[in-house]
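Please open the structure in your viewer and keep the selection panel at hand. The tour below goes from one selection to the next and says what is found at each stop.

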Number of protein chains: 2
Amino acid sequence: MSTVDDVSRPSRLADPDEGISIEELGLAARNHALPLEALRYDVTPVGLHYLLIHYDIPELDAERHLLTVDGRVDRPLTVDLAALRARPRVTRRVTLECAGNGRALLTPRPVSQPWLSEAVGTAEWTGTPLAPLLREAGLSTDAVDVVFSGADHGVERGVEQDYQRGLPVAEALREEVLLAYEMNGAPLLPQHGAPLRLVVPGWYGMAHVKWLTRITVLDREFDGYQNAVAYRLRTSVDDPGVPVTRIEPRALVQPPGFPDFMSRTRVVRPGPCTVRGRAWSGHAPVTSVEVTTDGGLTWAAATLAPATPEGRHGPGGQNEQDGRDGQKRPDDDGRWAWRSWRYEWPATPGRYTLGARASDASGRTQPVEQPWNRGGFANNLVQRVEVVVTGERQVSEPRRLSP
Amino acid sequence: MSTVDDVSRPSRLADPDEGISIEELGLAARNHALPLEALRYDVTPVGLHYLLIHYDIPELDAERHLLTVDGRVDRPLTVDLAALRARPRVTRRVTLECAGNGRALLTPRPVSQPWLSEAVGTAEWTGTPLAPLLREAGLSTDAVDVVFSGADHGVERGVEQDYQRGLPVAEALREEVLLAYEMNGAPLLPQHGAPLRLVVPGWYGMAHVKWLTRITVLDREFDGYQNAVAYRLRTSVDDPGVPVTRIEPRALVQPPGFPDFMSRTRVVRPGPCTVRGRAWSGHAPVTSVEVTTDGGLTWAAATLAPATPEGRHGPGGQNEQDGRDGQKRPDDDGRWAWRSWRYEWPATPGRYTLGARASDASGRTQPVEQPWNRGGFANNLVQRVEVVVTGERQVSEPRRLSP
């Protein structure tokens, strides 16, 4: 007799020489990363922000959508989207990163969504703060975890579930946490949680529950699948591990020059080259970025731009695209968004491996040796961008059409 | 001395047991497919439409962007976007598919962008017809090919190039061909060719040149890389092959039930199950769709919906998202867009492999045995959707929170 158990297999590590499987490729085709050249945009254009969808994108009707707050509260309540929109409205610029970013580059490789280094994006999220709504419902004094339930439904390692995540009550009450109904000035798209999602600045993506239907306050730690089984840092199958929470510091290089189609190796002409990128951390402000051009042997300081949301909107920020360049600025100081950096590189002919590492005010930095755990979470190994600086100023220029 | 030749390697086929490489994965992470549940939308929401970007997304300024028409014309001309917007405005609903769709499922596998079955999307493209502009420039009587140049720049198999494609003059003069500046009622996004792209209804995606800067009329066949080398159906390296042109018929199943996270195998409850999907062809109208539940051994007729653009807009069609539901209908009969179909399946417990095959008025249909060529192009092998119909009506229901 077939049951849901028949569709799942246990988690595993790839064999040493095992290529990416068709199953992993299937996840990569659905859940896309940020094309690295899109690091040029302060706010990631719609459709370029990374996506991780555990099951299917659900089909929800914004007009009829309801959010229920229940559990250990004095006054359980149910509100519709119009009621949420009538509440105080806040916009925050926030960088989101998937907790599994970098997983496919680990040895051994945990077999799951096979991210390289680009599972990140920055958006302007508009919604209403969560804390006042929780206070209106009246949190019990014994409240421990707040559980957020999404409408996406599936099976994971044999467990049928709606996607649910618990958040400690102190985190849920942070003023920055939003019930978001807009992204980059437009209603949420289906793949980003339409019509309502949670945004928890500083935390990895798994906390930002999409397609939000229910908020339940518990007098104990939530022991559901995504907290107790999935998103934990474990050294082995038997290790209970510790929860994945905030984003570790990371810097990414916007690859200079132009790419080869297949290898994505970059071609750079000799001469002065401004290398740019972004850096972020969910623990504390980024305090420095260093750049390497030799794969991590030597490092030089990059120049860090101020942490403000006042940077230009590149072409394609949706605000601009929509001709809505009244450009309402976010209601924060940009501390939850990535920061720009640049490094002046005198490029001379040869082969190089570029990378960058961020450090933050909590003392955290990025490793050159891989940080490994069985789920491949919170992995902030330094990126490797292969570059060839050509020996001549002009080599095989593009075809000129002489009609 | 390093040159651009050092960044490319020759095209190749994967070894029989070779998994997907990190290079192929890197392309999959950039160039995403349509999540199959998004087949539910008549018009694909922004960000879910498939993407294939050969090099980097270029950074272009719509305000300063110019399009030049030159070559074998009497009156070469250069126009800006305002001038193009002042010309007759047309909206067409068009299904685009990547010519390499299905490549990663071939044996042997051509090593390139590793598409499974989902490199497709349908959008409403708004722009101005190309043919009147070409006529104003005055096509020479000896015109043979019209070459479209994009601003994206890179190296491919050792050839540095701006992306360029030639189109036979008779195709370029078809009334349906558009210079498009909007997608789903909003300005083009950077990844879809902002601020200007070509749309050639019925042709695979490689013809719809993005980031369009130049149109050059030739008195001969264009022998540039993308026409003479890349997009050709070859049986071997030495075979000159024939050009890839129009989209072969294909049907896709919108997977029923709900998925397992890792395997994407579907779980369906026993009972009546309406299986839905889409079907399209660039050669001629789709005339029938058949469905299999046993991996192609037996087939049954599906019910095909009319070919009109009058279907509902699902939630998330950008028109609706933007509250612009004045819903201007496309200026065509929907003949270039996919059609809906459905099949009533009495699901009983067991394991199934669902698939569908489309046939069109030109007599073309989809094969169950793979059609193979060295580039993996125009491959319309029948999809395989693995389904488990559970033996019980309710199995391991999602956790109920009792606070």
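Which residues of helix 3 (residues 130–137) of chain A are buried? Bear in mind throughout that this is a predicted model. Select helix 3 of chain A and colour A:Leu130, A:Leu134 and A:Ala137, which are its buried residues. Seen down the axis of helix 3 of chain A, these buried residues fall within an arc of 60°, so they line one face of the helix. The background is that an α-helix has 3.6 residues a turn, so residues three or four places apart point the same way.

Then step just past the end of helix 3 of chain A to A:Gly138, where phi is positive, at about 80°.

Now widen the view to the whole of chain A and colour it by domain. The domain assignment gives domain 1 as residues 4–243 and domain 2 as residues 250–389 of chain A. Taken over C-alpha atoms, the centres of domain 1 and domain 2 of chain A are separated by 24 Å. To see where they touch, select the contact between them, to which domain 1 of chain A brings 41 residues and domain 2 of chain A brings 38 residues. On the side of domain 1 that touches domain 2, strand 3 (90–97), strand 4 (120–129) and strand 11 (232–233) of chain A each supply at least two residues, and strand 3 of chain A has the largest share, with six residues. If you colour that side of domain 1 of chain A by residue class, you will find 18 nonpolar, 13 polar and 10 charged residues.

Bring chain B into view next. How many residues does the contact between the chains take from each of them? It takes 90 residues from chain A and 89 residues from chain B. Within the side of chain A that touches chain B, select helix 1 (residues 22–30) of chain A, which gives the most, with six residues. By class, the residues on this side of chain A divide into 43 nonpolar, 26 polar and 21 charged. Of the interface residues of chain A, 99% are also interface residues in chain B, so the copies meet through the same surface.

With both chains shown, superpose chain A on chain B: a rotation of 180° with 0.0 Å of shift along its axis does this, with an RMSD of 0.0 Å. The two copies are thus related as by a two-fold rotation axis.

In chain B, return to helix 3 (residues 130–137), where B:Leu130, B:Leu134 and B:Ala137 are buried. B:Gly138 follows helix 3 of chain B and has a positive phi, near 80°.

The last stop is a sheet in chain B. Strand 13 of chain B pairs with strand 16 (residues 271–280) of chain B in the antiparallel sense, over five bridges.

How values were computed:
Residues numbered from 1 in each chain as written. Chains lettered and ligands numbered in written order. Predicted model: local features only at pLDDT ≥ 70, side-chain atom pairs only at ≥ 80, totals over all residues. Least-squares fit on C-alpha atoms with pLDDT ≥ 70 in both. Contact = placed C-beta atoms within 7 Å. Buried ≥ 20, exposed ≤ 12 C-beta atoms within 10 Å, placed from the backbone. Helix = DSSP H or I, 4+ residues; strand = E, 2+ residues; numbered from the N terminus. Nonpolar A, V, L, I, M, F, W, Y, C, P; charged D, E, K, R; others polar. Domains from an automatic or database assignment. Arc of directions from axis to C-beta. Pairing = 2+ DSSP bridges.
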